[in-house]
Amino acid sequence: MDFERRRWRWLVVLIAVVAMAMRLGASAIKLEEEVVSRIAFGSCSNQSAPQPLWDAIIDFHPQIFIWMGDNIYGDIKRPFKIFGPERTIGPWKNAPRFVPSSQNEMESKYRKAKANPGYSQLREKAEVIGTWDDHDYGLNDAGKEFDGKITNQQLLLDFLDEPQDSPRRKQAGVYASYTYGPVGRNIKIIVLDTRYHRDPVGSDGTILGTSQWLWLEQELKGPSTAITLIASSIQVISNLSATTGPLFAMESWGRFPKERDRLFKLIADSKRCGVFFVSGDVHFGEITRYDCALDYPLYDVTSSGLTQSVEDAVPPPLHFLVRFVAWITPSTMRVKSPNCRYRSCIYGKPNFGTIKIDWNSQPVTIKVEVKDKEGVAVSAVNISLLELQTSNVEGSDRMKGGHYQRHCTLETSLPWIIRYRLAILFYLTLAVLPWAS
């Protein structure tokens, strides 16, 4: 009798295991074949700050959420010190403003971020994928020289619930690609790693490194998909550093012009249709486009940040000044339309990005938006998928008509008096202030 009971017990266990495997297999097939029409993304989320945006993100009902980097603030920010033995700012600076955390501290910060109730609810409702930027990589503005990248790669992948046998755990860098949906309504999401192999800013060296470039070429020249979304933690199209200097600068592909040209050429050579970018990093939201890289326009939707923003970095009475600076700083790539909340079409408060695809419209339409903490759009563009085709004759005719020409001039090509008008205004103000007092 004992033998019979044990045999039946093992049979029940076996049936349960087989049933579970079948359910997992069915889920994987469903995920692969499901038509994806709603994607949300965001960046720059301090695990120790209030995080009010999760409710609005959940209310959007995304099927996929993409982390764009700075998913935690893992490094340690030291206080401003102008005087003393360790000076962290000024021309006499002799100590770093940011220092890395220990592995235990990084793990603790990831646990805190993952335990947030809003984010936990999102994880139950949507598939979460993503990449990193500098603060979750381990050190502000760091690249390939950072020693902690190998250990921190595993911590990020743990945070993203990456399987232990995933190839991402064995490769140098966290880049990855995903394909969703049936043929004709499929989306490829390519997630880049702009940190692990990156040369120093100003070197005009590499961002992606040799192995990632080879991988990206294979991905772009592989089977076609209706839409290809490329996620980069830093901005691809905009290069505001060319117009904010010498006051301040930001990281972007535009500061590596050879790499950006290589990226555009690779997309063009692949003949791939339906490509656009999403990005983060800069602590404000905007939508940019460039019309002279391919024979269709390239869009870049920037959402930053979920908790960190340029307006929150200054007292409320100075918010008007931030908006004025955003308006006066020239940008040849920013999409400006009545859909923007502010005249500059930059949104400097906490925000997240959304992509909504209407597969049933003729032609298929893609609505991209930057949204505030209430889920209200502060900047938006409707894109026809027909517009993102390599042989779009209608688009070519519009180009000849000059409608897109304002998005063909790079910031570095602007006349100096326009390019540096922010710095000129700043120094003129400093010169006038003593006389005014």
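A: We begin with axes, which are lines fitted to C-alpha atoms, for helices over the stretch in contact, with angles running from 0 to 180 degrees between N-to-C directions. This is a predicted model, in which local features need pLDDT of at least 70 and side-chain atom pairs count only at pLDDT 80 or more, while totals for chains, interfaces and linings use all residues. Residues are numbered from 1 along each chain as its sequence is written, and side-chain values use heavy atoms, with hydrogens and water left out.

Q: How many helices and strands does the protein chain have?
A: Helices (H or I, at least four residues) and strands (E, at least two) are DSSP runs, numbered from the N terminus. The protein chain has 13 helices and 14 strands.

Q: At what angle do the axes of α3 and α6 cross?
A: Two packed helices are described by the angle between their axes and the distance between the axes. Here the axes of α3 (residues 103–114) and α6 (residues 149–159) come within 10 Å and cross at roughly 15 degrees. The pair is therefore roughly parallel; angles under 35 degrees count as roughly parallel, over 145 as roughly antiparallel, 65 to 115 as roughly perpendicular and the rest as oblique.

Q: Which residues of α3 and α6 make the contact?
A: Contact means heavy atoms within 4.5 Å. From α3 come Q103, M106, E107, Y110, A113 and K114, and from α6 come T151, N152, L155, L156, D158 and F159.

Q: What is the corresponding picture for α7 and α9?
A: The axes of α7 (residues 209–220) and α9 (residues 257–270) come within 9 Å, crossing at roughly 30 degrees. That makes α7 roughly parallel to α9. On the α7 side the contact uses W213, L216, E217 and L220, and on the α9 side E259, R262, L263, L266, I267 and S270.

Q: Is T131 buried or exposed?
A: Buried means under 20% relative accessible area, exposed over 50%, partly exposed in between (1.4 Å probe, protein chains only). T131 is buried, at a relative accessible area of 0%. Its place is the loop between β5 (127–130) and α5 (134–137). Not counting residues up to four places away in sequence, T131 touches several residues, including W67, L156 and L192. Across the protein chain of 437 residues, 51% count as buried.

Q: Which backbone oxygen does the side chain of T131 reach?
A: A polar contact is a pair of N or O atoms within 3.5 Å; within protein, one must be able to donate a hydrogen and the other to accept it, and residues adjacent in sequence count only if both atoms are side-chain atoms. The side chain of T131 reaches the backbone oxygen of L192 at 2.8 Å. In the loop between β7 (187–191) and α7, R198 is buried with a relative accessible area of 3%, and its side chain reaches the backbone oxygen of D141 at 3.0 Å.

Q: What is the phi of D141?
A: D141 has a positive phi of about 65 degrees, although it is not a glycine. This residue lies in the loop between α5 and α6 and is partly exposed, at 39% relative accessible area. H61, also not a glycine, has a positive phi of about 60 degrees; H61 is exposed at 56%.

Q: Which residues does a cis peptide bond join, with omega about 0 degrees?
A: That bond joins G245 and P246, and P246 is in the loop between α8 (241–244) and α9. A cis peptide bond also joins S304 and G305, with omega about -5 degrees.
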